[in-house]
Amino acid sequence: MYWKKELKRGKQFLADKELVKAMRCFESAVDNCPVTSSAGLEKSLFFLGITLKKLGRTDSAMRCWHLGRKIRNEGRSRQMISIHSNRYGMYRNGDSDQVEDEKAFFGLQLERYFKTKKAKRFCSEAERDVILDIIGAYWSELQADGNFHQLSIDEKIRFFRNQPVIFPVADISSLNNDSSGEIIYTDFKKGELQSMDDLCSCGSGMLFSQCCGRIKSSVELDSGKF
Ligand SMILES: [Zn+2]
């Protein structure tokens with residue numbers, strides 16, 4: 001089967017440190033593996049993630065492992081998520097708390113912005129520059145105030161999500177949709193709000209922060225692919 005050959009070739013390229021070639025093979029394995037073969041898909045995504053990580057594209061690596069874990073909970077993608085997630089479920093780069101907070105803030109605000117757009121990504125470099133500038137300026141102000149540093153992770157996420165950063169409206173047609181509602185994650189079985197340190201209520205056995213509650217990075221939100 002073609003995808004199996006691609007997976008095998010990819011592993012050889014990976015061993016030879018031919019990372020870009022390895023990435024293409026694993027991408028092709030993912031594209032060609034039948035959806036019925038969950039083990040094969042998960043394996044291909046796992047290796048694609050490993051290769052992307054080695055290429056320095058850590059946010060994309062994380063996305064692969066999350067896709068892989070959803071397809072097959074028992075695979076090795078799951079381990080990668082546990083090892084490499086920070087408190088927000090984003091890739092742990094050895095960043096300071098402050099840098100992790102900043103990345104989470106950008107991810108959360110960008111998610112807000114994309115909700116107002118039909119195309120869930122930036123459509124031009126200019127748009128990207130403007131929006132990231134706006135979020136950056138707001139972040140600087142928050143930093144200067146500095147009154148969120150003592151909050152817990154759960155409180156920080158609520159605080160970051162509720163910051164009313166004002167964006168220019170890019171897509172008039174989306175104004176009809178109600179995009180203002182805040183999402184509140186609740187464990188309906190327990191009737192409690194989910195905390196980042198809890199086990200996720202979806203039953204995956206993962207931490208909420210590493211599963212349904214993870215904050216997506218701006219890279220992942222923007223490209224929506226690998
Ligand atoms: Zn979950």
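Residues are numbered from 1 along each chain as its sequence is written. Because the model is predicted, local features need pLDDT of at least 70 and side-chain atom pairs count only at pLDDT 80 or more, whereas totals for chains, interfaces and linings use all residues; side-chain values use heavy atoms, with hydrogens and water left out.

**Overall architecture**

The chain contains nine helices and two strands, where helices (H or I, at least four residues) and strands (E, at least two) are DSSP runs numbered from the N terminus. Read from the N terminus, the order of elements is α-α-α-α-α-α-α-α-β-β-α. Of the 226 residues, 43% count as buried; buried means under 20% relative accessible area, exposed over 50%, and partly exposed in between (1.4 Å probe, protein chains only). The chain exposes about 12200 Å², and carbon and sulfur atoms supply 52% of this area, as computed by the Shrake-Rupley method with a 1.4 Å probe, with only the protein chains shown counting as cover for residues. Among contacts with a separation of 6 or more, 57% involve residues 24 or more positions apart, a contact being heavy atoms within 4.5 Å.

**Salt bridges**

A salt bridge is a side-chain nitrogen of Lys or Arg within 4 Å of a carboxyl oxygen of Asp or Glu. By this rule the count comes to 12. Three of these pairs are listed below.

| E74 | R72 | 3.9 Å |

D101 lies in helix 6 (residues 97–115) and K156 in helix 8 (residues 153–161), so the pair ties together parts that are 55 residues apart in sequence. Both D101 and K156 are buried. Salt bridges with shared partners join R87, E100, D101 and K156 into one network.

E220 and R214 are likewise both buried.

**Positive surface patch**

K4, K11, K43 and R76 gather in a surface patch of positive charge. Patches are made of residues with over 30% relative accessible area and no salt bridge; like charges are joined within 9 Å. Lys and Arg count as positive and Asp and Glu as negative, while His and the chain ends are not counted. The place of a charge is taken as NZ of Lys, CZ of Arg, CG of Asp or CD of Glu.

Technical notes: Patches are made of residues with over 30% relative accessible area and no salt bridge: like charges are joined within 9 Å, nonpolar side chains (Val, Leu, Ile, Met, Phe, Trp, Tyr) within 5 Å.
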